[in-house]
Amino acid sequence: MGVEELRLSAGAAELTVNAATGRIANFRIGAAEILRTGPRFGSFPMAPWCGRMREGRLVWNGRSHQLPRNAEPHAIHGTVRDHPWEVVGHSGTELVLTQQLAEPWPFPGRVTQTFTLAADSATFGMTVEATAEPFPAQVGWHPWFQRRLRPDGKPVEFAFTPAWQEERGADYLPDGNRIAPLPGPWDDCFGMPDGVAVTLTWPDAIELAITSPLRWVVVYDQPAETVCVEPQSGPPNGLNTRPRAVGPDAPLVAEMRWQWRVLD
């Protein structure tokens with residue numbers, strides 16, 4: 001394990017965080033690695049926006065800001081996964097990381113992540129604070145779960161009941177309409193106004209409940225080897241369509257919880 005990788009453990013659970021990138025590199029329950037591992041994978045934080053931003057353009061208070069189009073023709077998943085984090089606190093079961101928002105993001109601010117591990121659950125927190133003028137922000141998490149926990153294992157099964165699906169256009173961005181949820185496969189955003197609640201079950205192995213007070217979740221299950229369940233504070237392109245301002249006295253605070261049980 002490299003010096004930048006910090007480990008939390010509780011019971012049979014072990015979580016490893018890359019402190020340089022703020023990304024969860026590994027998450028094991030017993031012998032089962034539930035995340036796909038590798039530089040692009042694990043589980044990474046999304047801030048100060050989530051998903052795609054149309055053409056990388058942010059309009060705020062009458063000004064237009066151009067962000068890098070790292071998912072042509074759009075900008076995607078924020079900036080914090082691309083900048084280093086500072087370790088604020090670390091124990092056997094808890095970790096706190098912080099990062100100052102930097103270019104290409106045009107507004108000064110700070111993002112803090114917290115990780116807390118118990119024997120049957122993990123709780124993740126994220127806070128965005130403005131340190132000068134207010135700006136719009138979103139937060140979310142992008143875990144890449146294994147579709148199968150073993151090469152010969154059964155594929156994971158989804159259970160969730162969204163209130164609506166954000167209809168998307170050919171550019172994969174919501175077009176402003178809410179529709180009845182469609183069957184998968186998905187690369188889609190869903191509304192859950194009472195909070196995100198999605199259960200992943202690997203038959204005969206592990207049941208994982210993903211919950212959050214956040215009201216949107218993106219589900220991406222098109223890849224053959226992975227599935228993604230992404231709680232987030234707004235829909236894709238939401239900084240322009242549903243902006244939520246943060247100010248020095250009005251931070252954006254979010255939480256996600258994973259709770260599991262091993263199946264007999």
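1. Burial is used here as follows: a residue is buried under 20% relative accessible area, exposed over 50%, and partly exposed in between, with a 1.4 Å probe and protein chains only. Asp204 is exposed, with a relative accessible area of 55%. Its phi is positive, about 65°, although Asp204 is not a glycine. Asp204 belongs to the loop between strand S20 (196–202) and strand S21 (206–212). Strands (E, at least two residues) and helices (H or I, at least four) are DSSP runs numbered from the N terminus.

2. This is a predicted model, in which local features need pLDDT of at least 70 and side-chain atom pairs count only at pLDDT 80 or more, while totals for chains, interfaces and linings use all residues. Residues are numbered from 1 along each chain as its sequence is written, and side-chain values use heavy atoms, with hydrogens and water left out.

3. Asn237 also has a positive phi, near 65°, and is a residue other than glycine. Asn237 sits in the loop between S23 and helix H1 (238–241). With a relative accessibility of 7%, Asn237 counts as buried. For reference, most residues other than glycine have a negative phi, and most peptide bonds are trans.

4. Two cis peptide bonds deserve a check. The bond from Ala47 to Pro48 is cis, with omega near 0°; Pro48 is in the loop between strand S5 (43–46) and strand S6 (52–53). The bond joining Glu103 and Pro104 is cis with omega about 15°, and Pro104 is in the loop between strand S11 (94–100) and strand S12 (109–117).

5. Val139 is in the loop between strand S14 (135–136) and strand S15 (140–146). Its relative accessible area is 0%, so Val139 is buried. Contact means heavy atoms within 4.5 Å. Neighbours within four places in sequence aside, the contacts of Val139 include Met46, Ala47, Cys50, Leu214, Pro231 and Leu252. Val139 and Leu252 are 113 residues apart in sequence, with 8.0 Å between their C-alpha atoms.

6. The structure has 16 aromatic pairs. Rings of Phe, Tyr and Trp (its six-membered ring) pair if their centres lie within 6.5 Å; planes under 30 degrees apart are stacked, over 60 edge-to-face, and the rest tilted. Phe124 and Trp258 make an edge-to-face pair, 4.9 Å centre to centre with 65° between the planes. Phe124 lies in strand S13 (residues 121–130) and Trp258 in strand S25 (residues 252–262), so this pair ties together parts 134 residues apart in sequence. Phe124 is buried at a relative accessible area of 1%, and Trp258 is buried at 0%.

7. Phe160 and Phe190 are another edge-to-face pair, at 5.2 Å centre to centre and 90° between the planes. Phe160 is in the loop between strand S16 (157–159) and strand S17 (164–168), and Phe190 is in strand S19 (residues 187–191), so the pair ties together parts 30 residues apart in sequence. Both Phe160 and Phe190 are buried. Separately, Phe27, Phe115, Phe124, Phe145, Trp202, Trp258 and Trp260 form one aromatic cluster.

8. Two arginines are placed over rings. A charge sits over a ring if NZ of Lys or CZ of Arg is within 6 Å of the ring centre and within 35 degrees of the ring normal. Arg168 lies over the face of Tyr172, 4.1 Å from the ring centre. The charged end of Arg178 is over the ring of Trp164, 3.7 Å from its centre.

9. On a 1 Å grid over the protein atoms alone, a pocket is an open set of points with protein on both sides within 12 Å along at least five of seven lines, a cavity is a set where a 1.4 Å probe fits but cannot get out, and lining residues have an atom within 4 Å of a point. Points are joined across faces, edges and corners, and a volume is the space filled by probe spheres set on them. The largest pocket holds about 350 Å³. Its lining has 22 residues, with Arg52, Ile76, His77, His142 and Asp187 nearest the centre. S19 gives the most to this lining, with three residues.

10. The structure holds one cavity of 30 Å³ or more. The largest cavity has about 30 Å³ of space, and its lining consists of Leu149, Arg150, Gly153, Lys154, Trp202, Pro203 and Ala205.
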